[in-house]
Amino acid sequence: NRRWWRRAWVRQCAYWTPALALISGLLWRLGANYQINELVFVGLGILSLLFLCLIGLAPALLLTGLSHSLEKLRDHCAGAPPSSPERRRFLRHSLAAVPALSTAGIAQGIFASAAPARIPQIPLAFPGLPQALQGLKIFHLSDIHIGPYIRPHDLEELLGRAAALRPDLVLVTGDLCDDVPVYADTLRLIEALQPPLGVFACLGNHEHFRGLRQIKEHLAHSAIHLLVNQGLPVPLAGSALYLGGAADPRTLRS
């Protein structure tokens, strides 16, 4: 966008953004490989900010170029009067609202994520379900992301409400804890539910991002059964429920 490129701050951002992204990515990988959680937070945090800025900037750039092209086309049409300065000023202000609205949407999402977690109860009906499985309660826990914004005491409060529902089976489907040093404490909180049929888990993408080796060690020393592209039957009063756990599909391609 030639009109934007004339501005010095735009050029500086374009020069430094790739370098900053590379440094952030290196910090993230070093933190994950050597279990340094602070490096992971810094690296991923900067990358996330860069990504959000680009999301807000891209529509503004595209719309600015489009409006400029339309103005030129209109001015070259036979008998069309030139665009007024007021109209151009209005277009510039309107386009500036695009990244502002993107930022407002992000802020609303952050605010909503701070609300207490809900436990929706979803009844499932299956034709021909064996009598032993009628009324089975499964507590599904996923994407808690314990870290700088969600702390272990938040999960403890949530699990206290879940225990009152008396689930028969607990399933943990990844992205449990972004703060690897408290992963073992997080697993102990979930173990305390002690459902009759046990607790089973599979891996999400954040387990791979944060340091898979140490997380697997924590799971191996817990009462939670990890299923990585595996399956097993859970016997129940003469019947059985088959569980299969798949790893995050994006990691399987690497």
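Arg 166 counts as exposed, because its relative accessibility is 68%. Here buried means under 20% relative accessible area, exposed over 50%, and partly exposed in between, with a 1.4 Å probe and protein chains only. The model is predicted: local features need pLDDT of at least 70, side-chain atom pairs count only at pLDDT 80 or more, and totals for chains, interfaces and linings use all residues. Residues are numbered from 1 along each chain as its sequence is written, and side-chain values use heavy atoms, with hydrogens and water left out.

Arg 166 lies in the loop between helix 5 and strand 2. Helices (H or I, at least four residues) and strands (E, at least two) are DSSP runs, numbered from the N terminus. Arg 166 is not a glycine, yet it has a positive phi of about 50°. Most residues other than glycine have a negative phi. Asn 229 also has a positive phi, near 55°. This residue is found in the loop between strand 4 and strand 5. Asn 229 is partly exposed, with a relative accessible area of 48%.

Leu 165 sits in the loop between helix 5 (152-163) and strand 2. Its relative accessibility is 28%, so Leu 165 counts as partly exposed. Neighbours within four places in sequence aside, Leu 165 is in contact with Ile 119, Gln 121 and Lys 137. Contact means heavy atoms within 4.5 Å. Leu 165 and Ile 119 are 46 residues apart along the chain, and their C-alpha atoms are separated by 9.9 Å.

The chain as a whole comes to eight helices and six strands. Along the sequence the pattern is α-α-α-α-β-α-β-α-β-α-β-β-β-α. Of the 254 residues in the chain, 29% are buried. Among contacts with a separation of 6 or more, 69% are between residues 24 or more positions apart.

Two strands pair if DSSP finds at least two bridges between them. Leu 171 stands opposite Phe 200 in strand 3.

Strand 5 (residues 230-236) and strand 6 (residues 239-245) run antiparallel. Seven bridges join them. The two strands form a hairpin, with two residues between them. Ala 237, in the turn, has a positive phi of about 50°. Pro 235 stands opposite Ala 240 in strand 6.

Helix packing was examined next. Two packed helices are described by the angle between their axes and the distance between the axes. Axes are lines fitted to C-alpha atoms, for helices over the stretch in contact, and angles run from 0 to 180 degrees between N-to-C directions. Helix 6 (residues 183-191) packs against helix 7 (residues 205-220) at an angle of about 60°. The axes of this pair are 10 Å apart. That makes helix 6 oblique to helix 7. Angles under 35 degrees count as roughly parallel, over 145 as roughly antiparallel, 65 to 115 as roughly perpendicular and the rest as oblique. The crossing of helix 6 and helix 7 is right-handed, a term used if the near helix is turned clockwise from the far one by less than a right angle, with anticlockwise giving left-handed. From helix 6, Tyr 183, Ala 184 and Leu 187 meet Glu 207, Ile 215, His 218 and Leu 219 in helix 7. The residues of this contact divide into five nonpolar, one polar and one charged. Ala, Val, Leu, Ile, Met, Phe, Trp, Tyr, Cys and Pro count as nonpolar, Asp, Glu, Lys and Arg as charged, and the others, Gly among them, as polar.

Helix 7 also packs with helix 2 (residues 8-33), at an angle of about 25° and with the axes 7 Å apart. Helix 2 and helix 7 are therefore roughly parallel to each other. Helix 2 contributes Trp 28, Arg 29, Ala 32 and Asn 33 to the contact. Helix 7 contributes His 208, Phe 209, Arg 210, Gly 211 and Arg 213. By class, this contact has three nonpolar, three polar and three charged residues.

Thr 186 has its place in helix 6. This residue is buried, with a relative accessible area of 0%. Neighbours within four places in sequence aside, Thr 186 is in contact with Ile 146, Leu 155, Leu 176 and Cys 177.
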